[in-house]
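Please keep the sequence and the model in view while reading.

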Amino acid sequence: MLAAALTIAGSDPSGGAGLQADLKIFHRFGVYGEAAPTLITVQNTCGVRRIEVLSPELVEEQIRAVLDDIPPDAVKTGALGNAGVVEAVARALERFEGPLVVDPVMASKNGATMTDEPARRTLVEKLLPRASLVTPNLEEAAALASMPVDDLDSMARAAEKLRSMGSRNVLVKGGHLEGDPVDLLLNSRGEFQQFTGRRSATRHTHGTGCVYSAAITAHLALGLQLAEAIQRSKNFVSEAIRTNPGLGRGSGPLNLFAE
Ligand code: PXL
């Protein structure tokens, strides 16, 4: 049977991040992709110019229509915009029992807000308790756990905090650490596991977080165990950055065809 995955995320018309990247990654791993947009960005590789968040009802109806007909084997959320949309997503997913990956996107690389402060609080209250995995970077972990997060030790403490807030597993991504990019998983049994990658000297990293969480979601849809899904996705993302096609005048996309 063909596995399916649904992304509930923002649109990036330049195709390197957001739901466009998610769909390409689902496809790349042989998973049938479904996508419910939450917000529309006007952007290219040089930056975000404008963001319009869709109405919560519109987002909720899209998700319900998909769940009624081609139920996905795994779901991921990305940029959600405002608290109304977060609530709508949590409501629509009440009857979804498969793996839910929450990528708590807060802002684009150049600082455009994609999840405002009330949305962040609603995400903690309504979505984290339903999440199989939450995948914050250092900044997002700091914002969600309300503490500084800048080394492995504070990553571990933030992960514990986020697990106590309800996400069954927590992956704090260390891509912005000084030195090696080490990600730290705190799993549902309370065990820590590290995933280490190689850093590439390139400005072309647009959509890295989206690609990583989409790859994890695709692997979960295919039935892989979480640690294996993360390890394969981490390897894929490292290779996708290393072999980026050099597109765009700004921070360009990864190689979404990477092996
Ligand atoms: O990678 C964060 C992100 C998420 N969603 C959308 C984006 C971006 C970054 O640019 O555009 C739609």
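## Basis of the model

The model is predicted: local features need pLDDT of at least 70 and side-chain atom pairs count only at pLDDT 80 or more, while totals for chains, interfaces and linings use all residues. Residues are numbered from 1 along each chain as its sequence is written, and side-chain values use heavy atoms, with hydrogens and water left out.

## The ligand and its surroundings

The residues around the ligand (a heavy atom within 4 Å) include Gly-10, Ser-11, Asp-12, Gln-43, His-206 and Cys-210. The protein covers 91% of the 310 Å² of accessible area that the ligand has on its own (Shrake-Rupley method, 1.4 Å probe).

In the side chain of Gln-43, an N or O atom is 2.4 Å from an oxygen atom of the ligand.

## Helix 5

Helix 5 spans residues 138–145 (helices are DSSP runs of H or I, at least four residues; strands are runs of E, at least two; both are numbered from the N terminus). Leu-138, Glu-140, Ala-141, Leu-144 and Ala-145 are buried in this helix (under 20% relative accessible area, 1.4 Å probe, protein chains only). Seen down the axis, the buried residues of helix 5 fall within an arc of 165°, so they line one face of the helix (the arc is that of the directions from the helix axis to the C-beta atoms). Their cover includes helix 4 (117–127), helix 6 (152–164) and strand 7 (contact means heavy atoms within 4.5 Å).

Just after helix 5, Ser-146 takes a positive phi of about 50°.

Methods. Polar contact = N/O pair within 3.5 Å; in protein donor to acceptor, adjacent residues only side chain to side chain. Buried < 20%, exposed > 50% of the residue type's maximum accessible area, 1.4 Å probe, protein only.
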